[in-house]
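This report concerns a single protein chain. Please examine the model shown here before reading on.

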Amino acid sequence: VELAGGEDARPATEWPASRLDAVVRQHQAALNACRRGSTDPVSVTLYAAPDGTVAAAGASVATAEAVTVTACVVREVRGWRLPSPGSWFARATIEVR
C-alpha cells in the first residue's frame, strides 16, 4: 500500500492486533453476519490514518468459497473508526474468527 507522505514519508507504525480488540468486539455482530457460519479465520491487514479512519484494508483468500466472506469482512473493516495512531499511519493485522 502506498501512502502519500511527501518528503517525510516513512513506514507505518506497527500495531499489535490486541490494540484493536475493543474495536473488533464492537463490530463482532457484523463480522459474524459476514462469516455466515464459516469456521475459517480471515486475516485482515489494515492501515489506520492519523484521524482514526481506515485508510486501506485487505485480506488474502485461501479458497474460492472464501471470496464472498472475505470481501464482506474487508468492507466492514473499511468503515471502522479506530484510535488515532498519532501523527502518522499505523498498520495492524487482525484475525477475524
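The model is predicted. The protein comprises 3 helices and 4 strands, arranged from the N terminus in the order β-α-α-β-β-α-β. Its radius of gyration is 14 Å, close to the 13 Å that the globule rule gives for 97 residues, so the protein is as compact as a globular protein of that length. The C-alpha trace spans about 45 × 25 × 20 Å along the principal axes, and 35% of the 97 residues count as buried. Of the contacts between residues at least 6 apart in sequence, 78% join residues at least 24 apart.

Helix H2 has buried residues Leu31, Cys34 and Arg35. These residues cover an arc of only 95° around the axis, which puts them on the same side of H2. Ala29 and Ala33, on the other side of H2, are exposed. The elements tabulated below are among those that cover the buried residues of H2.

| Covering element | Residues |
|---|---|
| Helix H1 | 21-26 |
| Strand S2 | 42-48 |
| Helix H3 | 67-78 |
| Strand S4 | 90-96 |

Arg35 belongs to helix H2, which runs over residues 28-35. Just after H2, Arg36 adopts a positive phi of about 45°.

Not counting residues up to four places away in sequence, Arg35 touches Asp40, Pro41, Val42, Val69, Val73, Val96 and Arg97.

Definitions and conventions
Residues are numbered from 1 along each chain as its sequence is written. This is a predicted model: local features need pLDDT of at least 70, side-chain atom pairs count only at pLDDT 80 or more; totals for chains, interfaces and linings use all residues. Side-chain values use heavy atoms; hydrogens and water are left out. Helices (H or I, at least four residues) and strands (E, at least two) are DSSP runs, numbered from the N terminus. Contact means heavy atoms within 4.5 Å. Buried means under 20% relative accessible area, exposed over 50%, partly exposed in between (1.4 Å probe, protein chains only). The arc is that of the directions from the helix axis to the C-beta atoms. The radius of gyration is taken over C-alpha atoms; the globule rule is 2.2 Å times the number of residues to the power 0.38.
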